[in-house]
Structures are given as C-alpha cells and as structure tokens.
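Here is a briefing on one protein model.

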Amino acid sequence: MAVNIKKIAVYVIVVFVFYVIITDPKGAAGYVQIGFEGISDAAKAIGDFMAWAAKGGNS
C-alpha cells in the first residue's frame, strides 16, 4: 500500500512540475535558479566548515 502512495505522490509532483514549466517558463527558470543558488550556498558553507575544522577549529 505504501508503495502505491509513493508512486502517486511522485506522479503528482511530476505533473505539477510540468504544469508550472508549461504555463510559466520564466517563473520555472527562476525557481531553478533559486534552487541552484541554495545548493551552491550550502556547498560553500560545508567547504568553509571543513576548512575551519582542518585548521583545528580556531577562529
């Protein structure tokens, strides 16, 4: 039963994404840009933390 619910949820999300892309391409591009900026910021933060930890954790 849970597998069917997961399949339905994925299907609904995919349909919604395609709907947004078709009806508002500029808006969809903005959403993608926001997503990539978030991923980039998270990766930079992890890199900064790792550099800080490698230096012994001193400020």
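V10, I13, V14, F16, V17, F18, Y19, I21 and I22 form a nonpolar surface patch with about 930 Å² of accessible area together. The model is predicted: local features need pLDDT of at least 70, side-chain atom pairs count only at pLDDT 80 or more, and totals for chains, interfaces and linings use all residues. Residues are numbered from 1 along each chain as its sequence is written, and side-chain values use heavy atoms, with hydrogens and water left out.

**Nonpolar patch**

- Patch members need over 30% relative accessible area and no salt bridge; nonpolar side chains (Val, Leu, Ile, Met, Phe, Trp, Tyr) are joined within 5 Å, like charges within 9 Å.
- Accessible areas come from the Shrake-Rupley method with a 1.4 Å probe, and for residues only the protein chains shown count as cover.
- I22 belongs to helix α1, residues 2-23.
- I22 counts as exposed because its relative accessibility is 67%; the classes are buried under 20%, exposed over 50% and partly exposed in between (1.4 Å probe, protein chains only).
- I21 is also found in helix α1.
- I21 has a relative accessible area of 41%, so I21 is partly exposed.
- I21 and M50 are 29 residues apart in sequence, and their C-alpha atoms are 37 Å apart in space.

**Aromatic pair**

- The count comes to one aromatic pair.
- F49 and W52 form this pair, which is tilted, with 5.8 Å centre to centre and 35 degrees between the planes.
- The rule pairs rings of Phe, Tyr and Trp (its six-membered ring) with centres within 6.5 Å; planes under 30 degrees apart are stacked, over 60 edge-to-face and the rest tilted.
- Both residues lie in helix α2 (residues 25-54), three residues apart, or about one turn of the helix.
- An α-helix has 3.6 residues a turn, so residues three or four places apart point the same way.
- F49 is partly exposed, because its relative accessible area is 46%.
- W52 is partly exposed as well, at 39%.

**Salt bridge**

- The structure holds one salt bridge, defined as a side-chain nitrogen of Lys or Arg within 4 Å of a carboxyl oxygen of Asp or Glu.
- Its partners are D48 and K44, with 3.0 Å from N to O.
- D48 and K44 both sit in helix α2, four residues apart, about one turn of the helix.
- D48 is partly exposed, because its relative accessibility is 43%.
- K44 has a relative accessible area of 53%, so K44 is exposed.

**Helices**

- The protein chain has two helices and zero strands; these are DSSP runs numbered from the N terminus, with helices (H or I) of at least four residues and strands (E) of at least two.
- The 30 residues of α2 should span 44 Å at 1.5 Å a residue, and the end C-alpha atoms are 43 Å apart, which agrees.
- The expected span is 1.5 Å times one less than the number of residues.

**Overall shape**

- The protein chain has a radius of gyration of 19 Å, whereas a compact globule of 59 residues would be near 10 Å.
- That radius is taken over C-alpha atoms, and the globule rule is 2.2 Å times the number of residues to the power 0.38.
- Along the principal axes, the C-alpha atoms fill a box of roughly 50 × 35 × 10 Å.
- Of the 59 residues, 5% count as buried.
- The accessible surface of the protein chain is about 5,300 Å², of which 73% belongs to carbon and sulfur atoms.
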